[in-house]
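Have a go at each task before reading its solution.

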Amino acid sequence: MGTTAAATFCATLVDEWLRAGVTEAVVSPGSRSTPLALALAADGRLRLHVHHDERSAAFVAVGLGAASGRPAVVLTTSGTAAVELHPAVVEADQAGVPMLACTADRPPELHDVGGPQTVDQVHLFGRAVRWFADPGVPVAAASGAWRSMAARAVAEACGPPAGPVHLNLPFCDPLVGEPGPLPEGRPAGRPWHERVVEAAVDPALLDAVAATVDGVRGVIVAGAGAGEPVAVHALASAAGWPVLADPRSGCRVPGPSTVAAFDALLRHEPFAADHRPDVVLRLGAPPASKVLAQWLAASGARQVAISADGRWWDPERTAALVVRADPGAVCRALAGRVEGAAGTPWPARWSRAERLAQEALDAAMGHHAEATEPACARAVVDVLPGGATLVVSSSMPVRDVEWYGRPHPDLRVVANRGANGIDGVTSTAVGVALAGPAPTLALVGDVAFLHDANGLLGAVSRGIDLALVVVDNDGGGIFSFLPQATAVPPDRFERLFGTPHGVDPCLVAAAHGVASVTVDRAADVGPAVADAIGAGSVRLVRVRTDRADNVAVHDRLHAAVGAALGGR
């Protein structure tokens, strides 16, 4: 086995990625990707994870990137294997997760002649990537550009805004070879390129925002990417404003400013009408609550949207000022410059409403002996230890955690809410768990679990602490909340939207060697989840719920909060 340009090229990429801070790579087996797969496996400084399913592998990379903030490499062979990365690339794009998507390709002479496993992979992922590069078949004459390309790929993936980068890498035979001497890198192990992002907040910007928020009644809406929670709550305390905290924000911590039950509060029309703010400070991505979004849009308040990467988070088109800055830095600087509604009844009214709502939810959930989806979400949040990570599926689980999850002193919540899809949830959770070392729990619906059943491939051998809680209502529960549920005849609704599948998630888990338990009673959910978390491996808890009664359960909880608030 002799020295080849491809082997040297790939070893150079890996060395440069390591210099730039990359520590993880996910590889799916294939032939054309051999040169890079061997290079990734040969460098002991990199953790290598092998996954049979390319689509799942890419979501594992999403989980690794979301948990660590560093791009993970995902490598596939050519053809449809490369196409399988697309859903995860789209999610990484819209969620701002760094990723290095590397697709091996056939050399130019094998294209357009009916060569097997050959598709057009140039700009395969379109505008969903931060940067695309196809350097051609490796040749020694181009070695001076190899480190630059590798370092730039990491810099582009890290942003801002962070996101996926696509490297399409054609390789010729022989695919197996030994690397020769690598092109010389920067001294002291530095990467070839480094990107510096200015972190200082423009004083003129602070003056503009302070003039908007000072001396008025306002609310802070904290979503994913809201910034340092201590800084956000420091501003809330100084201004006398509540923090309507999405679980993904990190700001849903116990404290007088935190309002976790905002969705239930704003469903009560007297409260919603009486608590319209003058100003809204929106930090990071919007929460999932449609009720909150509609209330903000109808409030007439002046709205300021702040995000670190400058993304245009304004689906209702109500932001008067869109700011690209670190939200935490802005909050920290503003805390000493504003008074807002401090010293008025405004903060106390929100705090009292939050207390009444949480008490009402506890009492109402206590009336249900059988497991319900809201109670399951509440129990999961309550039982998770400090420092744990909760991965939440889209559709109902993310909403139930947002609507009913209690404040938690030290919990990180991750969700694929870029494109809001249900695909790849288990694989993402595996990636988050691999980033460790804290325990990880994933709360998913049964359809999302079945959609990504291959996420369990090899999971028990990966040395991860992962509990999967599958809320099983035998179908697509969220559709029962939508107009289709009453506008479409019941039999057609069930066939097209309810979609009962009759599959036992525990049997799927058993096929992958994952131990499981089924619970039906509300009182058993917390203990079963606690046992699964403490197992130190991969475990599944199946919580059986009644899809037909689920809408009524939610309605009863909202009514209980409304009754507790009365005419307030």
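**Exercise 1.** How much space lies in the second largest pocket?

*Solution.* Start with the ground rules: this is a predicted model, in which local features need pLDDT of at least 70 and side-chain atom pairs count only at pLDDT 80 or more, while totals for chains, interfaces and linings use all residues. Residues are numbered from 1 along each chain as its sequence is written, and side-chain values use heavy atoms, with hydrogens and water left out.

Step 1. A pocket is an open set of points on a 1 Å grid over the protein atoms alone, where a 1.4 Å probe fits, with protein on both sides within 12 Å along at least five of seven lines; lining residues have an atom within 4 Å of a point. Points are joined across faces, edges and corners, and the volume is the space filled by probe spheres set on them.

Step 2. The second largest pocket holds about 430 Å³. It is lined by 16 residues, and the closest to its centre are Arg-267, Lys-290, Arg-399, Trp-403 and Phe-481.

Step 3. Helix 11 (290–298), helix 15 (396–404) and helix 22 (547–565) each give two or more residues to this lining. Helix 22 gives the most, with four. Helices here are DSSP runs of H or I with at least four residues, strands are runs of E with at least two, and both are numbered from the N terminus.

**Exercise 2.** Which residues touch the most other members of the largest nonpolar core?

*Solution.* Step 1. A nonpolar core is a set of buried Ala, Val, Leu, Ile, Met, Phe, Trp, Tyr and Cys residues joined through side-chain atoms within 4.5 Å. Buried means under 20% relative accessible area (1.4 Å probe, protein chains only).

Step 1. In this core of 66 residues, the answer is Ile-220, Trp-241, Leu-281, Trp-295 and Trp-350. Helix 13 (residues 346–365) supplies the largest share, nine residues.

Step 2. A second, separate core has 48 residues, including Phe-59, Leu-466, Val-470 and Val-538.

**Exercise 3.** Is Arg-378 buried or exposed?

*Solution.* Step 1. Find Arg-378 in helix 14 (residues 373–383).

Step 1. Arg-378 counts as buried because its relative accessibility is 2%.

Step 2. Beyond its neighbours within four places in sequence, Arg-378 is in contact (heavy atoms within 4.5 Å) with Gln-358, Leu-361, Asp-362, Met-365, Tyr-404 and Arg-406.

Methods:
Buried < 20%, exposed > 50% of the residue type's maximum accessible area, 1.4 Å probe, protein only.
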